[in-house]
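Subject: Structure handover

Hello,

Here is the structure for your files. My notes on it follow below.

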Amino acid sequence: MRYIPYQSELQLPAITSLIENDLSEPYSIYTYRYFIHNWPQLCFLAVDGEKDEIVGVVVCKLDKHKEDMRGYIGMLAVAKGYRKRRIGSTLVQMAVEEMKKENADEVVLETEESNQGALALYQNLGFARDKRLSRYYLNGVDAFRLKLRLR
């Protein structure tokens, strides 16, 4: 497995396809571009070296929130056949390390309350449940906001 930073718009179709297969919330192309064009250094890809295929992606941002610099994990997806190999954890760790270099004070994200795999992944990386968000997603499902304090 190779881990690489986002490099060009040519990778966008593979990124959007991977995320759309995994996440219940639909995103427009403008949402992807908002994150990737403003914070390309916070987008990392996992590539199957044998197939030269993108099999994992994390898309993030970092900006001011009140007095803190807040990192935000907007999207994390790993292709079904590649799960349970620590690919998602590695991608998140890469993004968090880059956010630390850019003086992030914390990192937050939301995930469906029923997504036990994501909850376990983030808990193992030190994230804690910050609050429950009632009917957060368009499908009416609740979410948890998770937070990782860096300072």
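By class, what residues does the lining of the largest pocket have? The lining has 18 nonpolar, eight polar and nine charged residues (Ala, Val, Leu, Ile, Met, Phe, Trp, Tyr, Cys and Pro count as nonpolar, Asp, Glu, Lys and Arg as charged, and the others, Gly among them, as polar).

This is a predicted model, in which local features need pLDDT of at least 70 and side-chain atom pairs count only at pLDDT 80 or more, while totals for chains, interfaces and linings use all residues. Residues are numbered from 1 along each chain as its sequence is written, and side-chain values use heavy atoms, with hydrogens and water left out.

The space in the largest pocket comes to about 970 Å³. A pocket here is an open set of points on a 1 Å grid over the protein atoms alone, where a 1.4 Å probe fits, with protein on both sides within 12 Å along at least five of seven lines; lining residues have an atom within 4 Å of a point. The volume is the space filled by probe spheres set on the points, which are joined across faces, edges and corners. Of the 35 lining residues, L76, N115, G117, A118 and Y122 are the closest to the pocket centre. β4 (68–78), α3 (87–101), β5 (106–112) and α4 (116–124) each supply at least two lining residues, and β4 gives the most, with seven. Helices (H or I, at least four residues) and strands (E, at least two) are DSSP runs, numbered from the N terminus.

Regards
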